[in-house]
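The stops below are given in the order in which they may be selected.

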Amino acid sequence: MSELEAQQRLKTYGPNELPTHAFSTTQVLLRQFKNPIFAILIAAAVVAGVFAEPKQTIIILSMIALSVVLGFYNEYKAEKIVENLRQNVSIKALVTRDGKASQVDSRLLVPGDLVTVYVGDIAPADMRIVKSKDLQTDEATFTGESFPVEKTSDMLELEQPTSQQLTNYLFMGTVVVHGSGQGVVVSTGKNTELGAISRSLVRPHPETEFQRGIKKYGTMLVTLTLALAISIFALNAIIGTNTLTDSLLFSLAVAVGLVPELMPAIVTVSLAQGARRMAKVKVIVKRLVSIEDFGNMNVFCTDKTGTLTEGKIILRDVYSLGGEKDQRVLTYSLLCNNAVFGENVVGNPMDVAIWDYAVKNEEQESSKPYMKVDEVPFDYQRRMMSVVVSKDSEYTLIAKGAPESVFAKCTHADVSGRIEPLSAVRKAVDDKFYKLSELGYRILAVASKGVSAKAAYSVEDENELTLLGFLIFTDPPKKDAHEAVTKLNEMGVTVKILTGDNELVAKTICDDLKIPVKRLLVGSDLNQMSWTEVKKVVEETTIFARITPEQKLDIIKALKENGHVVGFGGDGVNDAPALYEADVGISVDTAVDVAKEAADIVLLEKDLLVLADGINEGRKIFGNTIKYILMGTSSNFGNMFSAAAASVFLPFLPMLPMQILFMNLLYDISNMTLPTDNVDEELVKKPARWDIGFVRKYTLFFGPFSSLYDFLTYGIMLFIFGASIPAKAALFQTGWFVESFCTEVFVIFVIRTRRIPFWSSRPGKWLTLLTVSCVAFGTILPFTPLGGFLGFTALPPEYWALLLLMVATYLLLVDAGKVFFYKICKF
Amino acid sequence: MIDPELFLKWAVSISGGSVFLALVSIYLYSDAKPRRDKMGQMVRRVWSLPRDFIFVWILLGLLFFYIITVEVGSAPIFAAGNVIVETLLILYLLKNRTKTE
């Protein structure tokens with residue numbers, strides 16, 4: 001193809017790039033407003049503005065600003081870190097245009113380009129192979145298969161072949177591990193197989209369990225707030241003594257008081273702080289909202305290759321037919337080897353593994369005395385290669401290859417130095433071979449024979465060989481994988497393995513890692529099942545083998561439908577859709593870009609143990625978020641309910657709208673360090689679930705405690721301090737403000753734990769410091785000019801003594817309520 | 001001089017709040033049965049009811065005490081009563097603490 005034509009095609013087909021999610025500042029900002037809570041606040045600010053209440057409007061706007069700025073700052077910072085992690089690596093491709101081969105930026109490739117690939121190259125586009133020489137590719141990222149796949153230019157006569165069957169195709173993103181080849185680009189960018197997967201990921205992420213919970217909670221709150229605000233306004237308007245405008249502004253203030261306006265910011269700050277802590281243990285959180293689900297995940301599905309295994313083929317053992325150690329098998333396999341030495345040893349992974357094994361066992365020198373004379377290269381018909389070496393004027397032909405192929409060329413076997421006819425030992429040899437194969441190992445056989453010197457050797461010389469032994473290869477389990485799986489189980493997380501690899505390999509890995517396998521299922525069995533059956537079997541199956549990316553997706557969907565919070569760990573292209581669908585998609589830094597793009601969390605180290613740290617962190621964040629929600633819905637609700645009741649029977653408003661709003665703002669500030677609070681051990685031991693029913697019952701039970709003490713304060717102010725006439729309204733309002741604020745803020749120390757506060761569960765130092773500071777500020781406020789501005793007045797000295805006793809009794813009573821709620825009612 | 005009408009409204013409000021809380025407690029207690037069954041615990045016997053609801057008795061006692069002291073309008077009685085209740089609550093909490101606590 002000519003350069004000119006290529007340029008024109010580039011205009012038609014576009015650059016050879018994959019679609020990705022772009023980071024947008026505006027989107028981060030707009031996300032802060034995507035909450036029903038803001039709708040209430042903005043409506044309240046507008047109404048207050050319309051009724052010329054600038055102080056009220058300013059306080060509401062300050063709340064909105066505080067929440068938005070906090071949320072935006074933290075989320076923006078987190079997004080920026082992730083953005084910086086995305087590396088723009090430019091890949092070059094060797095392209096022939098106008099008859100000349102040159103290196104071209106792979107983004108400029110177009111359909112029709114002729115591309116040449118060598119060992120180590122990443123296929124830059126989807127190509128039809130037109131020429132190949134011993135070409136093998138690593139398609140693990142597509143299929144999960146750890147071993148190389150043979151590729152040729154041969155025509156295929158298949159109807160509707162799957163991508164795995166297309167052996168004359170090179171797929172974008174796969175790596176050439178052996179040989180070389182030339183192909184014509186068929187599709188580029190989003191039209192490639194890889195592009196199709198990427199394209200499916202450029203859609204809104206499915207909602208996480210946490211997001212669904214927050215949404216339900218928001219709806220519950222908005223309904224409650226509207227109902228209460230309308231009731232207060234109606235009651236005040238009908239039987240109250242206040243003007244309509246006062247009633248409206250009061251009901252609005254109560255509505256605002258009910259809303260935990262800082263919740264979005266508290267959640268974002270918690271998540272962002274958690275993300276920063278997780279970054280220290282090399283866990284990068286791409287999507288903040290997934291942290292909570294990360295903590296609450298109770299099923300972790302993982303790909304086998306690269307997560308449970310090293311993702312690298314090693315030579316596990318060298319087996320000689322006699323059973324004893326025979327140096328020749330290893331030495332001969334070092335000689336009959338095509339690995340290339342550079343900075344590292346490169347080439348066919350099995351050849352590289354042989355060298356790694358020899359170096360590790362300091363046996364690489366054993367091949368030195370030999371000199372390579374000739375080679376009969378590997379080809380896919382013979383499925384073996386051979387070399388002729390010489391030592392001390394003796395010539396030896398060494399063959400190495402697929403056992404069935406090598407056996408066919410052997411007539412004898414060397415058993416502990418005794419040369420016996422192969423037929424005599426064939427059964428034992430076959431038994432051994434099948435046993436090793438059943439354990440999921442890849443086997444190569446090694447054979448040899450003495451030959452006479454001649455100018456060249458050929459395939460015809462590969463006969464009458466003597467079988468020496470086997471080379472046993474495996475993708476070994478990771479050292480810490482067993483520990484990590486055990487730890488996850490202890491944390492209440494069930495581990496399931498989803499692999500495209502065969503069931504034997506998967507089972508061996510599980511046995512090696514001592515993972516108990518309840519049931520093993522292969523993809524073809526899964527295809528025969530109805531959706532109801534799939535939902536049933538996913539519960540009891542530990543290993544899913546030979547499964548396609550679509551089936552991975554189905555398994556995750558089924559688990560989600562069964563009510564689990566599902567995490568999925570994978571690093572290949574074939575894992576991307578499942579990574580996207582899972583509540584928490586977990587990938588690793590070395591994963592293909594499309595997998596990292598789809599993941600919520602990226603581990604900088606391929607270490608499952610860091611997962612446990614991340615889960616722990618997620619649970620802490622969830623625990624602190626729930627604390628805020630329980631606080632907001634119980635004490636806030638109680639306070640606003642008593643305010644509403646009092647507004648009906650009092651001859652004045654129990655608190656001015658502006659005072660309610662100010663108290664709310666101060667309360668929100670006191671809660672800002674809640675994300676740094678300590679979380680009790682029992683709360684991080686097991687996955688927690690978002691339970692709106694629990695929140696409702698908690699509110700119903702703990703809300704009235706606050707109301708009771710509000711009513712008590714009314715009684716004290718009205719009948720002990722005589723503040724029952726409109727002239728003493730300020731005294732009443734101040735007394736209630738101080739009591740309400742102190743109880744509302746201090747109760748966090750009781751609510752934050754199921755244990756006895758301070759005695760067996762210590763709050764975080766920053767939470768203690770800020771809470772005490774805010775209470776101190778709230779109590780001295782009536783004596784300050786700001787207090788005067790807000791309509792407060794000085795309180796009599798006896799009040800403070802009574803307040804101290806009331807607050808203490810209230811906190812003890814709430815703690816006694818906890819005994820009833822948690823221990824007797826078993827929540 | 002206490003306004004009787006206002007006092008009555010107040011007493012009704014605080015009593016209403018306490019009764020509501022007591023009713024919620026009964027609801028939560030009955031709602032807990034499936035969870036107790038799931039945890040393999042025996043159904044609590046009738047005579048354990050008074051003990052299980054100690055917190056409610058304290059609550060109702062407090063309500064009675066608060067209404068009386070507010071009507072009397074005595075800060076010292078209010079303070080003394082609170083101290084007694086706090087002592088009772090502390091004893092209750094200590095008795096109910098778990099091994100880890």
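Select chain B: of its 101 residues, 20% are buried, a residue being buried if 20 or more other C-beta atoms lie within 10 Å of its own, exposed if 12 or fewer, and partly exposed in between, with C-beta atoms placed from the backbone. This is a predicted model, in which local features need pLDDT of at least 70 and side-chain atom pairs count only at pLDDT 80 or more, while totals for chains, interfaces and linings use all residues. Residues are numbered from 1 along each chain as its sequence is written, and chains are lettered from A and ligands numbered from 1 in the order in which they are written.

Colour chain B by secondary structure: it contains 5 helices and 0 strands (DSSP runs of H or I with at least four residues, and of E with at least two, numbered from the N terminus). The order from the N terminus is α-α-α-α-α.

Next, select A:Val254 and A:Val256, which have the most contacts inside the largest nonpolar core, a set of 208 residues. Such a core consists of buried Ala, Val, Leu, Ile, Met, Phe, Trp, Tyr and Cys residues joined through C-beta atoms within 7 Å. Beyond four places in sequence, the contacts of A:Val254 include A:Leu228, A:Ile232, A:Met640 and A:Ile660 (contact: C-beta atoms, placed from the backbone, within 7 Å).

Finally, go to A:Asp392, in the loop between strand 14 (384-391) and strand 15 (394-401) of chain A. A:Asp392 is not a glycine, yet its phi is positive, at about 50°.

Key:
Contact = placed C-beta atoms within 7 Å.
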